Amino acid sequence: MAWSGHGGWHCCGALVGIVKNDPLLQVLKKTFGYDGFRPLQREIIEASLAGRDTFALLPTGGGKSLCFQLPALVRDGLTVVVSPLIALMKDQVDQLEAAGVAATFLNSSLKASEAKARMRGLHEGKYRLLYAAPERLMLDNWQENLRSWNVSAVAIDEAHCISEWGHDFRPEYRQLSRLRDLLPGIPVTALTATATERVREDIVRHLHLADPAVFVASFNRPNLSYRVVPKEKGVTQIAEFVRRRPADSGIVYCATRAAADRLAESLSGRGFPAKPYHAGLTAGERVSHQELFLRDEVRIICATIAFGMGINKPNVRWVIHYDLPKNIEGYYQETGRAGRDGLPGDCLLLFNPGDAAKQTHFIEEMSSPKEQQIAREQLRQMMHYAECPSCRRRELLGYFGETYPAPTCEACDNCLEPRESYNATTHVQKLLSCVYRVRQAGRFGVGLNHLIEILTGADTEKVRRWGHDRLSTYGVGRDLSRPEWSAIGRELLRTGLLAQEKGEFPTIALTEEGLDALRSRRVVMLTKTMARKPAPTERAGEITCDETLFDRLRKLRKRVADERGVPAYVIFGDTTLRQMARQYPESVDSLRSITGVGEKKLREFGDIFTKEVAGYLLTYPKVKF
């Protein structure tokens, strides 16, 4: 098997001989069950093993963890992994132990006796990897420990937490720069899944990375599809969506705790068991709900943005945004929690332009005018994404400075079902003229909402006070509703005929191009607003297999996982099970060609899974693919 670069593994017999002569590939195959690296993994690993500081930006599901886990098995000594969340530490250690790797974590979830035993193991050199939170590493009594544990490398996961410009700034990450003094000469690898150029520079500077090797992978997640539909009856729409995906796990993101609670209760009442997750729950409730989700006892989590960064669940098949996200960076990371295993994932945004008011309310509560300005610009970009008629993948990648080369991605609503254009010249002339008349009359600009009040002939105190009821454009737009005018105004902002001026009160102004369009009365074509259509259940890129056998193997995996007290994906991922249900391995030896089956898992689980396949074939014939 080799990583195809397009969300999955493919067979490559020529690699068999190569593996035997390549030490890194040997470790990769023996421990993790893979014959080939994903894009940039080998380069990052080799730079780290050469002793260089390294910065790596790989998308969610791009295999960041392997970039420090595999070197830890090749080099001597202990690799210290800085991780921000308790759940993430436990999850990764569970998976490493299942693969036969000596790893541990230290955090507040452990009893004193457990922590003491693990500390003793660290002093005895029993572990190859240690996961810990940044604040614990920086405790005074830990400095001597770090010096005595033969630390040979440091990996800093979720490194964007160090930047105030990142979407998840954590002040305790700033202390990590002291590790350079505590462990001089030790290579440091900083890893993140999402960071703009400014955040990348912040990470390198604050961690004091010395002439780092920098690796930035494509932000493209080819296995994800993106859709935006008008939000009408949100709960009903989500219920329709999940009804067509009865076996799939997914996350619904909400803007508020109250919305997450209400939605989880509503979905559960309709027969779709769901749990809320947000900072308003007790720590015990959050842990319980997360465990139920990880172990597939509950398939739906309704969450605020508090949920997800510590989730390593690879078989999340869909992510829905019930409310408008506040920025594209957060939206990208949240959608990235779907399809981490490389299999297809669906990303659905339920869009109501009025949801922007919720985010605007949050923005107005910020104390810093500078923060407010940044947040307003980020919200404007998010609105642009939600309403744009062009390829959504191109829009997302463009935000991160990457160009999508293909004319169509064939995996977003705008590419699969392009919206029609219409001649909007008359309406555009009315709106552009209204902007011009307002400026001419009062030498000051107004916001889009006020312009719409003028066009629709609203009788408000401001309209009368400023004399805008006497303008020639007053009431000329009564043929359209306020939401229709709002949509036209936002599209003119996107196309550059209008501009939103910066400042505390973002007023609307004509651009040079807009003034030219007004004077020349040239034809302006706009895109019709999106229509509500159900998201398709067919997924491009799915590994076709015997679905009946896949379901039996999935149930077997669940039983084995429950016996061991771990999430099902720690035993085998969906990619592995789908390949079993395609290749029908009836002997333990034939499992070696299946992705994700390392030597330890082959010994522990090979017999039980191949017996399940053999038993199935006593009743059902093989399906030809």
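Okay, the lining of the second largest pocket: α15 (356-364), α16 (369-387), α20 (448-455) and α22 (482-495) each put in at least two residues. Helices here are DSSP runs of H or I, at least four residues, strands are E runs of at least two, and both are numbered from the N terminus. α16 gives the most, with six residues. The model is predicted, so local features need pLDDT of at least 70 and side-chain atom pairs count only at pLDDT 80 or more, while totals for chains, interfaces and linings use all residues. Residues are numbered from 1 along each chain as its sequence is written, and side-chain values use heavy atoms, with hydrogens and water left out.

That pocket has a volume of about 1200 Å³, and 33 residues line it, with G447, L448, N449, Q500 and P506 nearest its centre. Points are joined across faces, edges and corners, and the volume is the space filled by probe spheres set on them. By class the pocket lining splits into 13 nonpolar, ten polar and ten charged. Nonpolar is Ala, Val, Leu, Ile, Met, Phe, Trp, Tyr, Cys and Pro, charged is Asp, Glu, Lys and Arg, and the others, Gly among them, are polar.

Staying with α20, that's where E453 lies. A salt bridge needs a side-chain nitrogen of Lys or Arg within 4 Å of a carboxyl oxygen of Asp or Glu. Leaving aside neighbours within four places in sequence, E453 is in contact with A458, T460, V463 and R482, contact being heavy atoms within 4.5 Å.

Now cavities: there are four of 30 Å³ or more. The largest holds about 960 Å³ of space, and of its 46 lining residues, Y34, R38, S65, Q95 and N312 are closest to the centre. α5 has the largest share of that lining, four residues, and the classes come to 17 nonpolar, 20 polar and nine charged.

R205 pairs with D202, the closest N and O atoms being 2.5 Å apart. Those two are about one helical turn from each other, because they sit three residues apart in helix α10 (residues 197-206). R205 is partly exposed at 49%, whereas D202 is buried at 7%.

Then there's D296 with K313, closest N and O atoms 2.6 Å apart. D296 is in the loop between α13 (283-294) and β13 (300-303) and K313 in the loop between β13 and β14 (316-321), so this pair ties together parts 17 residues apart in sequence. Both ends are buried: D296 at 12%, K313 at 0%.

Key: On a 1 Å grid over the protein atoms alone, a cavity is a set of points where a 1.4 Å probe fits but cannot get out, and a pocket is an open set with protein on both sides within 12 Å along at least five of seven lines; lining residues have an atom within 4 Å of a point. Buried means under 20% relative accessible area, exposed over 50%, partly exposed in between (1.4 Å probe, protein chains only).
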